[in-house]
Amino acid sequence: MSEQSKGDLSLVALTKSFATFTAVHPLDLTIPQGSFFALLGPSGCGKTTTLRMIAGLEEPTGGRIRIGDSDITETKAYQRNVNTVFQSYALFPHMSVLDNVMFGLRRRGDKDAKAKANEVLELVQLGQVANKKPTQLSGGMQQRVALARALVNRPDVLLLDEPLGALDLKLRRQMQIELKRIQQEVGLTFIHVTHDQEEAMTMADSIAVMNAGRMEQLGDPATLYEQPRSTFVANFLGQSNLLRARVNPGGTDEMVTVRAHDVDLEVSREHLPDGVGDVWLGVRPEKLRLGESGGPNHLRGIVRDVSFSGVATQYSVEMPWGQELIVIQQNDGSNRATLGEAVTVSWAAQHGFALDASQDAEAGAELVDDHG
Amino acid sequence: MSWIKRHLITFAAIAVLIYMLVPNVIVAAFSFNDPKGKYNYNFNEFSTAAWTNPCGAQGICESLGLSLQIGVIASLAATALGTMIAFALGRYRFRGRSATNLLIFMPMATPEVVMGSSLLTLFLMLGVPSGRTAILIAHIMFCVSFVVVAVKARVATLDPKLEEAAADLGANPTQTFMRVTLPLAAPGIAAGALLAFSLSFDDYIITNFNASPSSITFPMYVWGASARGVPVQVYVIGTVMFLLALIVVMTGQLISSRRNRQVA
Ligand SMILES: Nc1ncnc2c1ncn2[C@@H]1O[C@H](COP(=O)(O)OP(=O)(O)O)[C@@H](O)[C@H]1O
Ligand SMILES: [Mg+2]
């Protein structure tokens, strides 16, 4: 374990302020060696700035950066064993693909530069174009050259700044799988910056969700999705139905009841933050069922919208107090409803989560851009 | 008829090309003339005399040598200075940047007669003797502007991310400059250097103000000789200079097209 954690990257109260405003508020984060880590957040939340500080391209205004036991905060970019895949690729246009990939090895006087470069070009399936100029390649190929150029140096940490942002949807999906495969093959620490929550969730072992220069929550994709700790995370990672509720006193060790619009509903105690009275009770649309499910949580409403999308159908169910709940049902033949029908919506207590009601229920919802 | 219509652009291009090249062709042709009398205005008889003895006219090769020497030194100095200025202006924000940007244009905008005479005044005041040194200083001064303009245009198109990428890959600032920045700026620098050389080699007005009897440049020689009849050797040198320029430009074209079209 001590061997394992030798190359962990730790950020300690890392801060960056520009003249008029703070792009990254004191950030504490430890990224285990060899993990595929995603930094997820809407545009402008400080992801690139964080990455550039790790690379040494931006000077922090406070805090420390460590890799294992060595503090690299004061070292220059060219002295750090950290490499970046730039969003714009930043390939050297006057050099061949092979020379681009060999650039880092040559700076370190590596005797096997050519063999290593060719090997990595094979890994990213670009062996055939080694002698071409970057401008002669397609966007997807350039992206892989940029990846190869960074990978070949076997850095302690590989930084990827929205590496797939410029690719079309199909190629992006393909490259997500490809990147994941390569990371598992080489075993290096990858920090992948993205504003695409689906991309982060499919690829990363753990995700740090950032918002307005602060880290909202850190966790593995399933935990972030099932147990968001803020309305921002609940809305930015997928959709959430949030009901205004008040915690009833008492309850058991496992369960707590909350009162939402004169209905008592149950939620697992572990999904309730300590010491709050007013909460948003959240349930994911696919956790809701049309019809009774025998559990304690059910609400009655009227179907106002039905949209069929093949695998599933999305319903909008209006509650007596006017709020519309989104319900997603698998098209497995059961639980159909028609427009205008009065229905019961139910869910299991452990599928709910409660969030402090002092937060904006809409936080993060408007920032999600759909890539389909 | 429609054939003519279709090739109208080709005809126009050929006509323009002929218009531009006629003087050079005439010069080349008359370099093989054996003129009757002192004026080389009528083709008299074919002769290679001037080609076999290019220094045959008195003082011509001394003036050519001086012009080449001044041209090379001035263009090298102006290129070095101008490149540094262009990078400073293109890359950094500093006090007086916009003023410098404006002042750089002044030598290009000032009439040469004005600049020549004011330089002479300045040199007299400072006690710089007329002659080769004064000419060199003057040439470097006006060449710098052109180099700055050529290099700055190139620097503006360089992606600063490329230098960050080089640093990210372990290149220190010197290596980054030598391996990434300089090669990418090279076409602009080369263009600036060539421009500086031809401007210096060609200059008559400013040079004339600051020359001494012992520093007769080639343009001054030709001007002086034209009153008495230009020796055929001048036509020979003119033809050679034209061919050299042609070779340099064509080589440049070849290199850049090969760069862009290199196939595995
Ligand atoms: N050099 C700079 N000067 C001033 N503000 C900056 C600078 N660089 C970035 N910012 C600001 O910092 C914030 C975070 O930027 P960035 O890290 O690029 O966000 P992200 O990569 O998450 O989209 C943005 O609001 C941006 O405008
Ligand atoms: Mg960014």
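This is a predicted model: local features need pLDDT of at least 70, side-chain atom pairs count only at pLDDT 80 or more; totals for chains, interfaces and linings use all residues.
How far apart do the C-alpha centres of domain 1 of chain A and domain 2 of chain A lie? They lie 39 Å apart.

1. Domains of chain A. The domain assignment divides chain A into domain 1, covering residues 9–224, and domain 2, covering residues 239–360. The separation of 39 Å given above refers to the C-alpha centres of these two domains.

2. An unreviewed UniProt entry places "domain: ABC transporter" on residues 9–237 of chain A. In the model, this span is 35% helix and 26% strand. The C-alpha atoms at the ends of residues 9–237 are 25 Å apart.

3. A residue in strand β13 of chain A. A:Ser268 belongs to strand β13, which comprises residues 263–268 of chain A. A:Ser268 has a relative accessibility of 6% and is counted as buried, because the cut-off for that class is under 20%. When neighbours within four places in sequence are left aside, the contacts of A:Ser268 are A:Glu254, A:Met255, A:Ala349 and A:Gln350.

4. Length of helix α6 of chain B. Helix α6 of chain B runs over residues 112–126 and has 15 residues.

5. Which residues of α6(B) are buried? They are B:Met115, B:Gly116, B:Leu119 and B:Phe123. These residues lie on the same side of α6(B), because they cover an arc of only 100° around the axis. Their packing partners are α5 (97–109), α7 (132–157) and α10 (205–210) of chain B. On the face turned away from the buried side, α6(B) carries the exposed residues B:Leu124 and B:Met125. Just after the helix, B:Gly127 adopts a positive phi of about 80°.

6. A residue in helix α7 of chain B. B:Ala153 is located in helix α7 of chain B. With a relative accessible area of 46%, B:Ala153 is partly exposed. B:Ala153 and B:Leu8 are separated by 145 residues in sequence, and their C-alpha atoms are 34 Å apart in space.

7. The disulfide. How many disulfides are there over all chains? The count is one. It is formed by B:Cys55 and B:Cys61, whose sulfur atoms are 1.9 Å apart, and the cut-off for such a pair is within 2.5 Å. The torsion about the S-S bond of B:Cys55 and B:Cys61 is about -90°, and the disulfide is therefore left-handed. B:Cys55 is partly exposed, at a relative accessible area of 45%. B:Cys61 is likewise partly exposed, at 25%.

8. Two further cysteines. Are A:Cys45 and B:Cys143 buried or exposed? A:Cys45 counts as buried at 2% relative accessibility. B:Cys143 is buried as well, with a relative accessible area of 0%.

Key
Residues are numbered from 1 along each chain as its sequence is written. Chains are lettered from A and ligands numbered from 1 in the order in which they are written. Side-chain values use heavy atoms; hydrogens and water are left out. Domain bounds come from an automatic or database domain assignment. UniProt positions are given in the numbering used here, feature names are shortened, and annotations may be inferred rather than shown by experiment. Helices (H or I, at least four residues) and strands (E, at least two) are DSSP runs, numbered from the N terminus. The expected span of a helix is 1.5 Å times one less than its number of residues. Buried means under 20% relative accessible area, exposed over 50%, partly exposed in between (1.4 Å probe, protein chains only). The arc is that of the directions from the helix axis to the C-beta atoms. Contact means heavy atoms within 4.5 Å.
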